[in-house]
Amino acid sequence: MTDCDLLIIGGGINGTAIAREAALNGLGVILVDKGDLAGATSSASTKLIHGGLRYLEFFEFKLVREALIERERLVRMAPHIIYPMQFVLPHDHALRPWWMVRAGLFLYDHLGGRMSLPRSRGLKRGSPLLAPLARSLPGFSYSDAWVDDARLVVLNAVDAARHGAEILTRTELLSARRQNGLWRAYLAGGREITARAIVNAAGPWVAEAGGRLGVNARAGARLIRGSHIIVPGLFDGDHAYILQQPDRRIVFAIPYENGTTLVGTTDVAVEDPRDAQISAAETDYLLAAVNRYFPRQLSRGDIIATYAGIRSLYDDGASEARQVTRDYVLELDDSGPPLLSVFGGKITTARHLGEVAVERLAAPLGLTVRPMTLDRPLPGGEIGDFAAFLARVRRQWPFLGEARSLRMARAYGGLLDEMLAGVETEAGLGEDFGAGLTAREVDWLVTREWALTPEDILWRRTKIGLTGAVDPERLAAHLAGMTSGRTG
């Protein structure tokens, strides 16, 4: 008798996507993470669902095609947390010739087949989209999509749990060994688990987790830090900018929470997965990137917040960090009970990675599986047109107000009907901790989304922490009260 078919190590986007696909196929799944869901890399991205326009420069045509197809699928699956965004690319001929950029955009428009997002077009000097720039430049516009990365992870876990997966956060894998045709794993807290197979989706900790399993993978990981800064709004509008830099890298400037602008990312090789702090050099690089293009000149004192994440990329031997492939590699060790190790990948292709991972495990486990998430909406994503849904939310709960109704409709989509069932007045939302965060929402995040700490709630389940309007101590007291109520 085993505890599960599949023990998954890692609660980031890859681990939760695999858990969702496996659970929907009827496999018994236990997912463990030593921290919070999306507690590391998967909440520190540039928040994009994109094909990867810049990957064409490195001839990653297969990756870009797959990502574009997935982009189209994801926009339909989760219209509350994923939505189209227009990107403006000012053109500096000294960095790349016009024909090269135009050819790349043509490929970008067509590699993924028929797409619902608008295709690229040229922009003349003086175009309103180029007006916020300091210099008069021609350019291009094209389409990609925005995502709330941490919520994408959580919603994958929610759907997996709905179909029987056990999600164990703050639960570290101490060790595991093959024994009598099974994996026997030992978790912090004294729990032992037997599993027919293990998936190592520990991201930057994939090598460390492999050591705890007593297996050295053939493939290697290359750790690359990507850092971002959040600054006061640099422009009006809901479009974003993609800024070419003298070193041939690109930097995004994207409209973010509360009228701010998100600027990133960097590519810095690191050795330690815990080295997820922006450096002074990266800070200066990102400031110089926006100061090169926008008239408002920023300094370090203008920075509202920063964040950094360590991307675990498949080590393909590329000499420069920006050239390392963003494609994924799945390494299967079936010399005993199967072990599948995940190297690389990106948020956009995680759903497909989950599908392929379950397919790879099917034969050694003697299972028959089929793709289950191809067209399945994520929880809350069954709303159809977002604008119509938002209008209904505002009619049904007018006391939420304009800003809060938009934030909550974006975060929860159709799940709002369940969260706010029976709430007819603002008083029904319970204690307000500031910035519109109430006890009703907090209790939902704890009981339905594995949130345990103020940081989980303020920076991952929501981004309300950016407002500075919530007292973390008062929120922590409420969370402590919930915990004592469960254990008392």
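At what angle do helix α1 and helix α7 pack, and how far apart are their axes?

## Two packed helices

In this predicted model, helix α1, which covers residues 13–24, packs with helix α7, which covers residues 350–365, at an angle of about 55°, and their axes lie 8 Å apart. The crossing of the two helices, α1 and α7, is right-handed.

## The residues in contact

On the side of α1, the contact is made by Ile13, Asn14, Ala17, Ile18, Glu21 and Ala22, while α7 contributes Ala350, Arg351, Leu353, Gly354, Glu355, Ala357 and Val358.

## The chain as a whole

The protein chain that holds these helices has a secondary structure of 13 helices and 18 strands. Its radius of gyration is 23 Å, close to the 23 Å that the globule rule gives for 488 residues, so the chain is as compact as a globular protein of that length. Along the principal axes, the C-alpha trace of the protein chain spans about 70 × 60 × 45 Å.

Of the 488 residues in the protein chain, 59% are buried. Among the contacts in the chain with a separation of 6 or more, 71% are accounted for by residues 24 or more positions apart.

Technical notes:
Residues are numbered from 1 along each chain as its sequence is written. This is a predicted model: local features need pLDDT of at least 70, side-chain atom pairs count only at pLDDT 80 or more; totals for chains, interfaces and linings use all residues. Side-chain values use heavy atoms; hydrogens and water are left out. Axes are lines fitted to C-alpha atoms, for helices over the stretch in contact, and angles run from 0 to 180 degrees between N-to-C directions. Helices (H or I, at least four residues) and strands (E, at least two) are DSSP runs, numbered from the N terminus. A crossing is left-handed if the near helix is turned anticlockwise from the far one by less than a right angle, and right-handed if clockwise. Contact means heavy atoms within 4.5 Å. The radius of gyration is taken over C-alpha atoms; the globule rule is 2.2 Å times the number of residues to the power 0.38. Buried means under 20% relative accessible area, exposed over 50%, partly exposed in between (1.4 Å probe, protein chains only).
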